[in-house]
Structures are given as structure tokens and as C-alpha cells.
Amino acid sequence: ENVRTDLMVDPRSKALVLNGKPGHLQFYSLQRDKLLFNLDIVQQEYIHESGLEQFEVVKAAFDGSGSWLATVEERNPKAAEVEVNLKLWAFDEQTQSFVLNTTISAPHEARITAMCFDQAASSRTTMLLSCSRDGHFKAWQLALPAHTDDEGPSWSCDFVGAYHDLVPECCCFSADGSLLAVSFQEVVTVWSPSSWELLVTLSQPPGDIRDLCFGRLSCSKYLLGSTTNKLLCCWNLLTCSLEWSTSTDVSLLLTDPLSENMAAFCLQDRSTDLFVFKPSEPRPLFSQKAVCSGRVTRAVFAPREAMLESCEESSQWLNRSQLYFLTSLMDLLTFSTKAEEERLMASSKQLVIDDSVAMTPFYLLLGKHRHQQPETEEQASGPSAERPAVPQSSAAVRELLQTPAHVLPSTSFLCSMFVQSLLISVTDTREENNLSEEEMDHEKEEEEASDEEMEPRVTRPEDALSDRPEMESVAPALTKAQVRELRRVSKLDHSWLAGLLDS
């Protein structure tokens with residue numbers, strides 16, 4: 001019902017990760033449209049009781065390689081302070097899942113507002129940053145075991161930072177990990193993670209920072225932030241000045257990790273507009289009005305398995321990554337190119353009914369079977385229609401076994417169809433056997449009748465020899481086909497011949 005975490009992409013499995021069952025994170029495959037598994041974060045039994053305060057997963061983040069997962073869980077008892085746990089999970093190659101490595105109870109004195117990893121591949125150590133409403137941000141660093149006898153790597157706090165007792169709201173690392181940006185309400189601070197020196201502070205008109213993003217690749221010198229007073233700002237870090245700004249209500253700002261592109265979801269007249277742009281260019285690469293109703297607060301760029309080669313300028317921003325976003329109605333939507341749509345349409349033409357309704361697994365099981373029943377009945381009712389070949393296996397049974405259980409109708413609805421599909425082959429076999437027996441009996445009757453009718457007219461070899469001893473050879477016996485032809489000729493009406501003779 002409520003997604004507290006951001007939409008994330010697991011760097012290893014390329015799965016979409018977000019809140020799942022209570023106290024879990026779900027890993028959902030975008031390519032196969034399938035839930036891979038649920039990871040138990042809270043590791044406590046969930047009690048289904050209204051009004052009972054239990055731990056919930058509110059934050060999560062992956063490092064650049066997918067080797068570490070950080071999660072934040074909190075519980076807010078009515079008569080006590082908020083309980084917060086920070087957990088670090090290591091990926092296990094044997095089990096192909098995440099295993100709990102470190103649990104930090106009460107990492108901050110208040111709720112955690114933001115959390116991010118240093119995604120730079122060149123970083124010597126893995127670093128996690130967390131911001132809290134207590135006015136501090138903390139840098140957690142992964143330390144390798146000092147001795148070989150130690151169990152494994154562990155996490156510890158490396159630095160605690162603050163700025164004039166303001167509350168830090170957002171944080172992000174630059175692409176190369178050399179800079180760290182932390183927003184304290186309406187002030188943006190830039191730090192050096194190597195020395196933890198405050199490099200510069202950036203200010204803007206009143207309004208708290210809502211999102212903060214560094215540019216990528218050729219736009220890495222830019223830092224962008226959206227504010228609560230409907231303003232989008234772009235700072236140039238080389239000159240430490242405001243490059244440009246525009247007035248718009250940006251509900252979500254995010255960057256594509258594989259290109260210079262950035263996406264801004266803007267709320268306008270109770271609907272959300274999308275703008276895709278580069279920080280260095282004033283003209284958007286792509287824009288679409290009213291992509292959905294309501295506010296968009298969760299989105300992610302998912303890397304593609306294979307890069308596209310779109311020639312259209314308006315869709316080139318989708319060549320490397322695909323944008324997914326979650327609406328207020330919990331609908332997961334995405335953008336695709338025309339080439340992808342044509343390819344999907346070409347592959348799904350055979351799965352379309354009347355060119356308008358898609359063939360779902362439910363239709364494969366029921367609709368197609370019902371559609372073929374009237375045709376079969378019409379063919380069977382025709383006087384000269386030939387019976388179709390008996391199928392070797394039932395399509396209904398095959399679809400029943402291959403269709404996922406969560407899309408199947410109730411068992412009572414499928415029972416009669418399932419039983420009927422099992423009886424089809426038996427009925428057809430009996431009918432064919434009856435037909436073959438009737439044909440054989442009919443042929444025997446015809447042969448006997450033909451023998452009786454043709455017996456006086458056929459001379460046996462023994463009689464011919466006794467009557468005509470002078471004949472050296474005997475005429476051959478007639479075949480069954482000749483006997484049938486003679487029988488047919490004998491039944492013809494020869495009255496017209498008598499009329500000719502009389503005349």
C-alpha cells in the first residue's frame with residue numbers, strides 16, 4: 001500500500017527492488033515480469049493486528065557493484081522514542097543472496113532522512129553516508145579484518161558532520177567519488193570525502209532542497225537541486241556559481257547513471273509532466289505532458305541488457321537505460337521506443353483476439369477452447385463433413401499445467417472443462433471404431449450379395465472342362481471389382497431396350 005523506499009535496481013540481477021511484504025524487500029524482474037524473491041530485512045514475526053507498531057523498512061541502497069546492501073528499519077512506539085536500526089548486507093556467492101553482516105542499533109538519535117553509497121568504481125574503500133533529523137550526517141566505512149582469524153569485514157563510523165545545527169535532507173556523491181553534496185534545508189554544502197573538508201556552500205532563494213543530483217560524464221561539473229518553493233537550480237562547480245534556474249514544481253529529480261541525461265517529474269494542474277534534459281543544454285531532449293495523474297515520487301533508470309540504436313532524436317535518451325516510475329495509484333509505468341513497440345507488436349500478433357484483445361493465459365486456457373467448440377460442432381453436424389484427427393494431447397490440460405497458479409480461475413470452474421478434455425480422445429476413438437465396424441459389415445454384406453447374384457452367371461472351371469473337353473484353357477475367375485460392376489449393371493433399368501426392339 002505504501003512504498004517507503006526508493007525504486008532501486010540491483011546491479012547484479014538487474015531486478016527492481018522496493019518494499020514487498022511487511023518487513024521485506026522484493027526483487028522483481030523487469031525483463032521477465034516475475035517476482036524473483038523476497039529478502040527478510042526485519043527478521044521478526046509479523047503480527048497482523050491493527051494499531052500495533054512494528055518495524056518497517058524505510059530506506060535501502062546498493063553500492064556500485066551490488067556487493068553490499070544497506071537498509072534502515074524503524075519503529076515508532078506511541079509512548080517512546082523512535083527505534084532505528086541500520087543493517088549492512090553482504091552478497092553471498094554460494095547462496096546467491098544477501099547475508100546480514102553488520103547491525104547498527106540507533107545509528108542516529110532521530111530518523112534517517114537520506115542514505116547513499118559512493119558508487120565510484122575507483123574508490124579504494126566502500127563508503128556509506130546517512131543523514132538524520134538530529135542535525136548530523138555520518139560516513140560509515142568498510143574495514144577489512146586486521147587479522148586472518150577474524151570473521152570478516154565490518155563497518156564503523158569514519159566521520160560525523162554538521163552545519164549550523166540545520167537538518168540534512170539530501171545527500172549524493174559525484175560520479176568519481178571525489179565530492180560529496182549534503183543539503184541542510186536551504187543550503188547546499190560540498191565536502192571532500194578524502195579529508196572531510198568543507199569546500200564550498202551554495203545558497204539559493206528560500207526553500208528547502210527536495211532532491212540533489214550530480215551530473216554524469218561530460219556534465220559532471222554540474223550540481224542540480226530542486227526546492228520546495230518550485231525552483232530547479234543548476235550550479236557550476238568549477239565557478240561555484242548558479243549556472244541557470246527555472247521555476248517549476250519538480251516532485252522528483254533523478255539522473256541516468258549511464259549517460260548525461262536527467263529526468264524531472266513536474267507537477268502541473270494535478271497531473272505530472274516529464275522533462276528529460278542535459279544540464280549543459282537549455283532545450284529538453286524529450287518532454288511529455290500528463291504522463292499520469294497525481295504526484296510521482298518514485299522513479300529509476302534501469303540499464304538495458306543490450307544498447308539500442310534509435311535514430312530518432314526524441315528517443316535516443318532511451319538507448320542505454322529505460323525509465324520506470326511509480327504513480328500514486330501504485331501503477332508501474334515505463335517508456336519505450338517505436339522500434340521496441342513494433343517488435344513487440346510483431347511478436348504478439350499471434351496472441352491477439354479480433355486485433356483488439358490481448359491473449360492472456362486465462363484466454364489460452366478458456367477462450368480459445370470455447371472458440372473452437374462451435375466450429376467443431378458445425379463440422380460434426382454437416383452430412384458430408386469429415387471428422388478431424390483425434391489430438392494426441394489435450395490443449396486444455398497442457399495450458400492448465402503451464403499457466404501460473406495466480407492467474408488461474410477457481411477449481412470448480414475448471415473441473416468440468418478438465419474432465420471433458422480427458423474424455424475427448426476416448427469418445428472419438430469409440431466412434432471411429434464403430435464406424436470402421438459398420439463399414440466392414442456393410443462390405444461383407446455387399447460381397448455376399450454379389451456372390452449370390454453372380455453365382456448362376458459364372459461358370460466354374462470344373463463344369464467348363466466337363467462340358468467342353470476340347471478347350472485347352474479355362475477363363476480366369478472374376479475379381480471383386482468386376483463382380484461389383486456386374487451387380488451394378490444388372491440392377492439398371494433396361495426397359496428402354498425392349499421399346500426399341502418392339503419398334
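Reply: A salt bridge here is a side-chain nitrogen of Lys or Arg within 4 Å of a carboxyl oxygen of Asp or Glu. The model is predicted, so local features need pLDDT of at least 70 and side-chain atom pairs count only at pLDDT 80 or more, while totals for chains, interfaces and linings use all residues. Residues are numbered from 1 along each chain as its sequence is written, and side-chain values use heavy atoms, with hydrogens and water left out.

Under that rule there are 10 salt bridges. One of them joins the side chains of Glu56 and Arg4, at 2.9 Å from N to O. Glu56 belongs to strand β5 (residues 56-62) and Arg4 to the segment before β1 (8-9), so this pair ties together parts that are 52 residues apart in sequence. Strands (E, at least two residues) and helices (H or I, at least four) are DSSP runs numbered from the N terminus. Glu56 is partly exposed, with a relative accessible area of 40%, and Arg4 is partly exposed as well, at 30%. Partly exposed lies between buried, under 20% relative accessible area, and exposed, over 50% (1.4 Å probe, protein chains only).

Arg75 and Glu83 make another salt bridge, and their closest N and O atoms are 2.9 Å apart. Both residues are partly exposed: Arg75 has 24% relative accessibility and Glu83 has 32%.

In the salt bridge of Asp249 with Arg295, the closest N and O atoms are 3.9 Å apart. Asp249 sits in the loop between β20 (241-246) and β21, and Arg295 in the loop between β24 (286-293) and β25 (298-303), so the pair ties together parts that are 46 residues apart in sequence. Asp249 is buried, at 11%, whereas Arg295 is partly exposed, at 33%.

Lys87 is in strand β7 (residues 83-92) and is buried, with a relative accessible area of 5%. A polar atom of the Lys87 side chain lies 2.8 Å from the backbone oxygen of Ile41. Beyond its neighbours within four places in sequence, Lys87 has contacts (heavy atoms within 4.5 Å) that include Val42, Leu69, Glu73 and Leu100.

Strand β21 (residues 250-255) contains Thr255, which is buried at 17%. The C-alpha atoms of Thr255 and Arg216 are 7.8 Å apart, although 39 residues separate them along the chain. With neighbours within four places set aside, the residues in contact with Thr255 include Arg216, Cys213 and Phe301.

The structure holds 19 aromatic pairs. The ring centres of Phe137 and Trp191 are 5.2 Å apart and the planes stand at 70°, so this pair is edge-to-face. Phe137 is in strand β11 (residues 137-143) and Trp191 in strand β15 (residues 187-192), so the pair ties together parts 54 residues apart in sequence. Rings of Phe, Tyr and Trp (its six-membered ring) pair if their centres lie within 6.5 Å; planes under 30 degrees apart are stacked, over 60 edge-to-face, and the rest tilted. Phe137 is buried at 0%, and Trp191 is buried at 6%. One aromatic cluster is formed by Phe137, Phe159, Tyr163, Phe184, Trp191 and Trp196.

Of its 503 residues, 38% count as buried.

Methods
A polar contact is a pair of N or O atoms within 3.5 Å; within protein, one must be able to donate a hydrogen and the other to accept it, and residues adjacent in sequence count only if both atoms are side-chain atoms.
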